[in-house]
There are 2 protein chains.
Amino acid sequence: MKIIVDAFGGDNAPLEALKGCEMAVSEYGYKILLCGDENKIKNVCKENNISLDNMEIEDTKEVITMDDSPGEILKSKKNSSMGIGLKLLADNKGDAFISAGNSGALVMGATFIAKRIKGVKRPAFSPVMPKDKGVFMLLDSGANLECRSDVLSQFGIMGSIYMKKVIGVTNPRVGLLNVGTEEHKGTDNLQEAFKLLTNEKTINFIGNVEAREVPADAADVVVTDGFTGNIALKLYEGVAGTLLKKIKNVFLSNLKTKIAALLVMKQIKKLKKDVDYREYGGAPVLGIKHPVYKSHGSADAVMFKNGINFAAKYAKSKVIDEIEKVVLNKT
Amino acid sequence: MKIIVDAFGGDNAPLEALKGCEMAVSEYGYKILLCGDENKIKNVCKENNISLDNMEIEDTKEVITMDDSPGEILKSKKNSSMGIGLKLLADNKGDAFISAGNSGALVMGATFIAKRIKGVKRPAFSPVMPKDKGVFMLLDSGANLECRSDVLSQFGIMGSIYMKKVIGVTNPRVGLLNVGTEEHKGTDNLQEAFKLLTNEKTINFIGNVEAREVPADAADVVVTDGFTGNIALKLYEGVAGTLLKKIKNVFLSNLKTKIAALLVMKQIKKLKKDVDYREYGGAPVLGIKHPVYKSHGSADAVMFKNGINFAAKYAKSKVIDEIEKVVLNKT
C-alpha cells in the first residue's frame, strides 16, 4: 500500500504531515510518496529527527495556499505539491492521495485530474463526523453549492457504500437533511430527492432527518447539498468549540472548581477527543476514480497519521468499484 | 400594555403558559388577553391556584396542533386559539401576540391575518440566540425556504432595527451567512445579496460570516434563507444538547467525578442556562404590521413569562414603525 502525501498542505505543514507519515510507516507499514520541496522536507526531517525510511520524495516547488482560488490547481498551481500528487494518483503511482490543504482546490483537482467515476454526476466532499456514539457522514459538505435531486440521490448511494465498507456500519441508515421529517417538507427539489432515495433499493433510506437529531443519532449518512452541508459542518465545529471553551472557564472560576477540574480531568480530555472531528481523520472526496482524502487543515501528526490510515482503508475497501457498479447499473 | 396570549400553544399548554401569564402580570403589570377554551383555562387555574387577575379570556375551542399543516390556520383552524389571537391583534385588541405553538402556522397566520408591513417583501422567523457573550439574531429561520437577494437584504435591515431597539445593541453588526468570507463566495444570489447589503447605508454590514464563527461572535444579526437558518437553528440546539448530555455523563462516571460535580454544580447550571436559547424568550416574526412573538415549544412558565416581556418590549420599541419607514424609503 503506497499513499501519496501532499507534504505542504495544512496549517502545520510540512512538520506535522511528515511526523504523521513517519508514524504511519512504522505503525502500519505503509509506503509513502511525499510531494513537496525536497530540500525543505529533508531539512525539516533532519532538524526534527524524522526518519524518511520507506518514503520517496517527488520534488515540487509550488504550494497551493488557503487563499488560492480552487481553479488555480488546474492553471498556475498545476505543479504544486497537491497538483502533482493528484497527477501521480491518476497515473497509478500510488493507491491513495491525502492532503490537509485547500479543500476547494482538492475537490477541483480531484475532479479534473484524478477524474470522476463513470456515471457519477458530482463528487462530494464527505467528512466523517462524531455523533453521540460513533460517527456519521455528512455529504456533500462543500463540493457543490447547489445539488439537483438526482445528485443528492447518488450521494446517498456513495455515502452508504463508504460507511459500510470503510467504517464498518451494518446497513447504514441514510437520511435526507430537511426542515421537518414529513415527506412534503422542503423545496420541490428535496421532495423529488426524497422520492428518488425512497426508490433506491440498494440503500436503507430512513426519510428526512432534522438537524436537531443529527448530533444524537439521526442517521449514519446525512445527505444534503454542499452549501447546507458546509454551513452544518462549520456550525458543528463552532458550537462545540464555544461550549468547550465555556466549560474550561467554568473550571477556572475559583479554587473549588479548580479542584473539581483535577477530579474530572481524564474524563473531560476523553470527551474533548470524542467530539473533535479532526480525530476521525478527515473526509474522502467521494465519486472520484481514485481514493482522494482530506485531512483537517489544523491536523497534528496523530490526526494526519489517522488520515493516512483511513485513506489506506478507503483504497483497500473496493468502495470505488462498488460505487461504479451500482451507479452504472442505473444509467 | 395588553398582550394577547395563545394559551393552547406548545408542549406544556395550557399550564405553563398560564403560570407564565400570572408571573408577567404580577412582575410587569401587563394585562393579558387569553385565547383558549374558557372552561379548561378556569379549571387549570383553579387546580393550580393560578390567579386570573388582570386577564380576560376569549373563548375558543379549536387548537392548532404541531401536526397541522400551516395553511389550516386560514381554513379549518381559523377559529383556533392561535387564529383568533392573531385576528384580535389585527383588530388592535392588544399590543402584541405570543404563542408557543406551531411555528409554520404562526408565520402563515401572521402574514395573512395580521399582515405584512407595507413594502416588506417577506416576513422572517427571527430567533434571538445565545453566543459566547450576549445574543444574536438568526433570520430567516424558517418562514421562507428560498429567499431572493432583495429579500435577504431586507432581513438585514429588519434584524438590525430589532437588535438595536429591543435588545439594545449599539450599531449591530450584520453578517451574511456564507461558505467563506470573501465577496465572491456562495451562489449568484448570495453574491447579489452581498452587494445589496453593502449598499444599504442604514445598517452596519460586515460582510460574509462563516458558520464556525457564529457561536463565538461573528455578528449581531446573521442573515440567511429560511432553509439554511432552520437547519442552523436546530443544529445549534442539537450539538449543544448532545454535548451537555455528554458532560453530565462525565460527572456521573465515578465517585471522584461525582464529588467534582458538587464543586462545579452552580457554575454548570449557569452555563446550561447561558446556552439554552429557550431562555431568551423566543423569536419575533419580523415584517408583520403588529408584534407577533414565538415562544419555544417546550417553554416552561419562566421562559413563557420572558417571552411575554420580550413581546411587550417589541410592542413598545417602535421597531415596526422604523422598519416601515426605512423600507418605504427605498421603494
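**View 1. Asp91(B) and its salt-bridge partner.** At 37% relative accessibility, Asp91(B) is partly exposed (buried is under 20% relative accessible area, exposed over 50%, partly exposed in between; 1.4 Å probe, protein chains only). Asp91(B) pairs with Lys87(B) in a salt bridge, with the closest N and O atoms 2.9 Å apart. A salt bridge here is a side-chain nitrogen of Lys or Arg within 4 Å of a carboxyl oxygen of Asp or Glu. Lys87(B) is also partly exposed, at a relative accessible area of 44%. The model is predicted: local features need pLDDT of at least 70, side-chain atom pairs count only at pLDDT 80 or more, and totals for chains, interfaces and linings use all residues. Residues are numbered from 1 along each chain as its sequence is written, chains are lettered from A and ligands numbered from 1 in the order in which they are written, and side-chain values use heavy atoms, leaving out hydrogens and water.

**View 2. Lys234(A) and Glu210(B), a salt bridge between chains.** The N to O distance is 2.3 Å. Lys234(A) sits in helix 7 (residues 226-251) of chain A, and Glu210(B) in strand 9 (residues 204-210) of chain B. Helices (H or I, at least four residues) and strands (E, at least two) are DSSP runs, numbered from the N terminus. Lys234(A) is buried at 9% relative accessible area. Glu210(B) is buried at 17%.

**View 3. Lys246(B) and Asp132(A), another pair across chains.** Their side chains form a salt bridge of 3.8 Å, N to O. Lys246(B) belongs to helix 7 (residues 226-251) of chain B; Asp132(A) lies in the loop between strand 6 (128-130) and strand 7 of chain A. Both residues are buried.

**View 4. A salt-bridge network in chain A.** Lys131(A), Arg173(A), Asp217(A) and Asp220(A) are linked. Over all chains, the structure holds 38 salt bridges.

**View 5. A negative surface patch with residues from chains A and B.** Glu146(A), Asp188(A), Glu146(B) and Asp188(B) form the patch. Patch residues have over 30% relative accessible area and no salt bridge, with like charges joined within 9 Å. Glu146(A) is exposed, at 61% relative accessibility. Glu146(A) lies in the loop between strand 7 (135-139) and helix 5 (149-167) of chain A.

Notes: Patches are made of residues with over 30% relative accessible area and no salt bridge: like charges are joined within 9 Å, nonpolar side chains (Val, Leu, Ile, Met, Phe, Trp, Tyr) within 5 Å. Accessible areas come from the Shrake-Rupley method with a 1.4 Å probe; for residues, only the protein chains shown count as cover. Lys and Arg count as positive and Asp and Glu as negative; His and the chain ends are not counted. The place of a charge is taken as NZ of Lys, CZ of Arg, CG of Asp or CD of Glu.
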